[in-house]
Amino acid sequence: MKRSKHSNIPIFIPELACPHQCVFCDQEKISGSFHIPSPDEVPAVIEQYLDTMSNDRLIDIAFFGGNFTGISIERMEEYLSKVCKFVEDGKVDGIRLSTRPDYIDVERLQLLKRYSVTTIELGAQSTNDKVLQKAGRGHDAKATRNASELILDYGFRLGLQMMIGLPGDSFETSLQTAYDIVDFGASNTRIYPAIVVKGTTLEKLYNKGKYKPLELDEAVQWTKSILEVFENNDVDILRVGLHPSEELIKGKSFVAGPFHPSFKELVMTEKWKEMLKKELNNKNPKRLSIKVNPAQLNYAIGYKSYNRKWMLDQGMLVKFLSDPNLKKYEFDVSYN
Ligand code: SF4
């Protein structure tokens, strides 16, 4: 059976007492409010997830939390020895983890290889040194390039995550980051707009008027262009926009910035608006129907029917239909 859909079994292991000071990060929350499973607890967590997952999916065990390779070699080994048997037994397809570029070296990679890790995701955030410095990342773009090279040399799949709208960022530097991520050899990526969260340095800068987050519209437009860079270069986009956690949705930790629970939908709505505007340029039909691939139907209609509505405002009565024979961004318009 061909399995194209993918699921992660997330295991959250933050690096306690992280020595870095990224301006967007609330370390206290990270280290204080999560139960961190011990290595002995992890197999039961995985079994629980497996019980609820259908076997037509590709399944990875994913160590999230930012800096997995920042924990001690001994501790890493304790965790990995508990999970690699799930790969050996064929119960899951791989192990992925996220970490910082400056926590990658030969010793760590050899250990990860021994324990069947398949994918390493690095928080690149930006490839502009000024942006990295202002973000307090504590590493430069060269560190990301070098770590990426080493990860690929050791035969892992490489993921590079980026943030847009950090202090000092611009549309041009964020687009360059996307091109660099392609150039560094990433096979997957995640795009996060920077937002101001309570308890962070960014909040202090924001309150003093020294940092202005992107407007939502701006973040959507930047992301639309970045998305195209990745799509044109076959980099899988695993996530667009922050995960709408309860904290963010209820506004408990959110201060300001381009957070939206349907951020990806907004970006795809814009993408389709642009394509449809180009097609309809100067035609102004009274009635039309547009066929698109079923997976794109909601995006073509738009978030809260945004695209249907702007067409109606222009006097166009539009019917959207799905056609599985059409590819992702193909569409077929009939004027009737
Ligand atoms: S985002 Fe930065 S400060 Fe926060 S845990 Fe990761 S490396 Fe440490």
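**Close-up views of a predicted model**

View 1. Setting aside neighbours within four places in sequence, serine 148 is in contact with Leu122, Leu158, Leu160, Phe184 and Gly185; two residues are in contact if their C-beta atoms, placed from the backbone, lie within 7 Å. This is a predicted model, in which local features need pLDDT of at least 70, side-chain atom pairs count only at pLDDT 80 or more, and totals for chains, interfaces and linings use all residues. To find your way around, note that residues are numbered from 1 along each chain as its sequence is written. Serine 148 lies in helix α6. Helices (H or I, at least four residues) and strands (E, at least two) are DSSP runs, numbered from the N terminus. Is serine 148 buried or exposed? Serine 148 counts as buried because it has 24 C-beta neighbours inside 10 Å. The cut-offs are these: a residue is buried if 20 or more other C-beta atoms lie within 10 Å of its own, exposed if 12 or fewer, and partly exposed in between, with C-beta atoms placed from the backbone. Between serine 148 and alanine 124 there are 9.9 Å in space, C-alpha to C-alpha, and the two are 24 residues apart in sequence.

**View 2. Helix α6 and its two sides.** Helix α6 covers residues 141-153, and its end C-alpha atoms are 18 Å apart, which agrees with the 18 Å that its 13 residues should span at 1.5 Å a residue. The expected span of a helix is 1.5 Å times one less than its number of residues. Buried in α6 are Ala141, Thr144, Ala147, Ser148 and Ile151. They sit on the same side of α6, because they cover an arc of only 125° around the axis; the arc is that of the directions from the helix axis to the C-beta atoms. As a reminder, an α-helix has 3.6 residues a turn, so residues three or four places apart point the same way. The buried residues of α6 pack against α4 (106-114), β4 (117-125), α5 (129-134) and β5 (157-164). On the face turned away from this buried side you will find the exposed residues Lys142 and Asp153. Following α6 comes glycine 155, with a positive phi near 85°.

**View 3. Helix α9 and the residue that follows it.** With 17 residues, α9 reaches 24 Å from its first C-alpha to its last, close to the 24 Å expected at 1.5 Å a residue. Its buried residues are Ala219, Val220, Trp222, Thr223, Ile226, Leu227 and Phe230. Seen down the axis of α9, these fall within an arc of 165°, so they line one face of the helix. They pack against β5, α7 (171-183), β6 (188-193), β8 and α11. Exposed on the other side of α9 are Asp217 and Asn232. After α9 comes aspartate 234, whose phi is positive, near 55°. Aspartate 234 belongs to the loop between α9 (216-232) and β8 (236-240), and it counts as exposed because it has 8 C-beta neighbours inside 10 Å.

**View 4. Asparagine 284 in its loop.** Here is another residue to check for its phi. Most residues other than glycine have a negative phi, and most peptide bonds are trans. Asparagine 284 is not a glycine, yet its phi is positive, about 40°. Its place is in the loop between α11 (263-280) and β10 (287-292). Asparagine 284 is exposed, with 9 other C-beta atoms within 10 Å.

**View 5. Threonine 200 and its neighbours.** Look for threonine 200 in the loop between β7 (196-197) and α8 (201-207). It counts as buried because it has 22 C-beta neighbours inside 10 Å. Not counting residues up to four places away in sequence, threonine 200 touches Val23, Phe24, Cys25 and Asp26.

**View 6. The residues around the ligand.** Which of the eleven residues around the ligand come nearest? They are Cys18, His20, Cys22, Cys25 and Gly66; a residue is near a molecule if its C-beta atom, placed from the backbone, lies within 6 Å of it. By class, the shell holds four nonpolar, five polar and two charged residues. Ala, Val, Leu, Ile, Met, Phe, Trp, Tyr, Cys and Pro count as nonpolar, Asp, Glu, Lys and Arg as charged, and the others, Gly among them, as polar.
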